[in-house]
Amino acid sequence: MDKLTSALQEQGIAPADTCAVSGADRPDSLCLVVVDGTPCFQPVSSVALRQRIDETREKIENNRANGSYALGFIGALLGMLAGVLLNALGIVFTERIYALLFALVPIAAMFGYKLFRGKMSRAAVAIVIVLSLLGIPLIPLFEVVYLLMHEYSLPLGGALGAAAAMMVDPEFLSEITGELLQLLLFMALGILISLRYMTGVTNNSRDADTEAQMASLRPNPRYNRYGETV
């Protein structure tokens, strides 16, 4: 190991010597940090880490006390509409359905929920999932709106009215039943793909992450407790 370490150092390869939190030199500790989705030990300044964790805990408690389900619902609805519109345009222009694009619907909805300061409890995930499923019929609606505007030069208001009338017509609904079932399948796949992200931004999950981070904090063997190189 000594020979390997010496060879690496000769090539200019050495362990990081800056804090992963603040970028400061001579970090006195090591801590479990997620890098590119993978947890690994990184050098950190214990003071900087504790300060960031305190700030995170303060934001979590503030959200628990002041977060609003109503505002979060509005944000999630707007995010869902944006994701659904993107999928509808993707289907129109490519004539294909992509599960990854469907994952954008719940991701955009959760982003909107968080942006509008919704309460980040487990209920937030349920709200986003329900809204994502309710957005399925909007995809063929937006497709019809686009086709009416593009093929028949209808204004947006007229195309929306005509498309809405078609969507409540039993004959038209029977014709697109197969498409709706297919869209439901892809939306379910999109929700599964994005589930880790959605659950990861809730208060409980962020609380657990901070606790795990603090539990992993340990002295950096390169330095003693006075910051001197060992």
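Thr210 counts as buried in this predicted model, with a relative accessibility of 5%. This residue belongs to helix α10, which spans residues 203-216. When neighbours within four places in sequence are left aside, the contacts of Thr210 are with Ile53, Thr56 and Arg57.

A pair of aromatic rings is described by the distance of the centres and the angle of the planes. Under the criterion of ring centres within 6.5 Å, two aromatic pairs were counted. In the pair formed by Phe93 and Tyr146, the ring centres are 5.4 Å apart and the planes lie at 65°. Because angles over 60 degrees count as edge-to-face, the Phe93–Tyr146 pair is assigned to that class. The two residues are 53 residues apart and link distant parts of the chain, Phe93 being located in helix α3 (residues 69-94) and Tyr146 in helix α6 (residues 138-152). Phe93 is exposed, at 57% relative accessibility, whereas Tyr146 is partly exposed, at 25%.

The pair formed by Phe102 and Phe186 has ring centres 6.0 Å apart and planes at 40°.

Key:
Residues numbered from 1 in each chain as written. Predicted model: local features only at pLDDT ≥ 70, side-chain atom pairs only at ≥ 80, totals over all residues. Heavy atoms only, no water. Phe/Tyr/Trp six-rings, centres within 6.5 Å; stacked < 30°, edge-to-face > 60°. Helix = DSSP H or I, 4+ residues; strand = E, 2+ residues; numbered from the N terminus. Buried < 20%, exposed > 50% of the residue type's maximum accessible area, 1.4 Å probe, protein only. Contact = heavy atoms within 4.5 Å.
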